[in-house]
Amino acid sequence: KQWYQRRVAITAGDVPEWMTSEHMTGTTIMAVEFADGVVFGADSRTSTGTYVANRVTDKLTQVSDKIYCCRSGSAADTQAIADYVKFYLDLHENETNEEPSVEIASKMFQLLCYNNRDHLSASIICAGWDKVKGGQVYCLPLGGMCVRMPFAIGGSGSTYIYGHCDNTYKEGMSEEECLKFVSDAVALAMHRDGSSGGMIRLAVLTKDGCKRMNIPGNQLPTFWSK
């Protein structure tokens, strides 16, 4: 009898939201240029409606040796796009015998996001280092626009920190200053945004490669709320 009642309830649509909602990296992502490269940061929460499906997601995805992307939106859509870009960048590198530039990678992301804008939910930050222009950050919001910026923020948590970022950012910051800028901004967004949480994942990408760091949830920067 219980099995029959459960089956009737499911067919009638009377199910919890988290059982039918799409997996979303409802999130806070960020990247900043500095003299020797770029600094990335992101939270680690993946949500399905109001249910936290994964609290240790890695939203910093490598697409080439010195190019990464930060993903927000539908987890499935952004993972698929990153896989496509990684494949085409590998193909490009094999054909030219040169490392792909960050601009080329950003244009590949733009092509996929713009041409499929009616079917995808994907907001991406593409950033990395190349020998031509050094460290670069490209912002690709929903719809497929692509703009180079000195720093970029994205995801649901970014709406809470635009004022903080505009007030705090300054040109010529060092690697240590960029790490503090990113970690503080992401922590502030996580404090306010219910779809952001978990831990902070950080990465520093230079000509020498990528250095990854993590800030556990019990060691996040604290502010007046402490």
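Let me start with a term: a residue is buried under 20% relative accessible area, exposed over 50%, and partly exposed in between. Tyr88, at 38%, is therefore partly exposed. Phe87 falls in the partly exposed class too, with 48% relative accessibility. What we are looking at is a predicted model.

Those two residues belong together. There are 5 aromatic pairs, and one of them is Phe87 with Tyr88, edge-to-face, 5.3 Å centre to centre with 70° between the planes.

Another edge-to-face pair is Phe151 with Phe181, at 5.8 Å between centres and 80° between planes. Phe151 is in strand E11, residues 151–154, and Phe181 is in helix H6, residues 175–192, so the pair links parts of the chain 30 residues apart. Both Phe151 and Phe181 are buried. Tyr169 joins them, through ring pairs, in a cluster.

One more ring contact: the charged end of Arg117 sits over the ring of Tyr114, 4.1 Å from the ring centre.

Now the sheet. Five strands make an open, antiparallel sheet, in the order E6-E7-E8-E9-E10. E6, residues 60–64, and E10, residues 147–148, are at the edges with a single partner strand each, so one side of each has no neighbour in the sheet. Inside it, E8 (122–130) and E9 (134–140) pair over 7 bridges. Cys126 stands opposite Tyr138 of E9.

Two helices pack on this sheet. H3, residues 75–96, touches E6, E7 and E8, with its direction at about 25° to that of E6. H4, residues 102–115, touches E6, E7, E8 and E9, and its direction makes about 165° with that of E8.

Technical notes:
Residues are numbered from 1 along each chain as its sequence is written. This is a predicted model: local features need pLDDT of at least 70, side-chain atom pairs count only at pLDDT 80 or more; totals for chains, interfaces and linings use all residues. Side-chain values use heavy atoms; hydrogens and water are left out. Two strands pair if DSSP finds at least two bridges between them. Helices (H or I, at least four residues) and strands (E, at least two) are DSSP runs, numbered from the N terminus. Contact means heavy atoms within 4.5 Å. Axes are lines fitted to C-alpha atoms, for helices over the stretch in contact, and angles run from 0 to 180 degrees between N-to-C directions. Rings of Phe, Tyr and Trp (its six-membered ring) pair if their centres lie within 6.5 Å; planes under 30 degrees apart count as stacked, over 60 as edge-to-face and the rest as tilted. Buried means under 20% relative accessible area, exposed over 50%, partly exposed in between (1.4 Å probe, protein chains only). A charge sits over a ring if NZ of Lys or CZ of Arg is within 6 Å of the ring centre and within 35 degrees of the ring normal.
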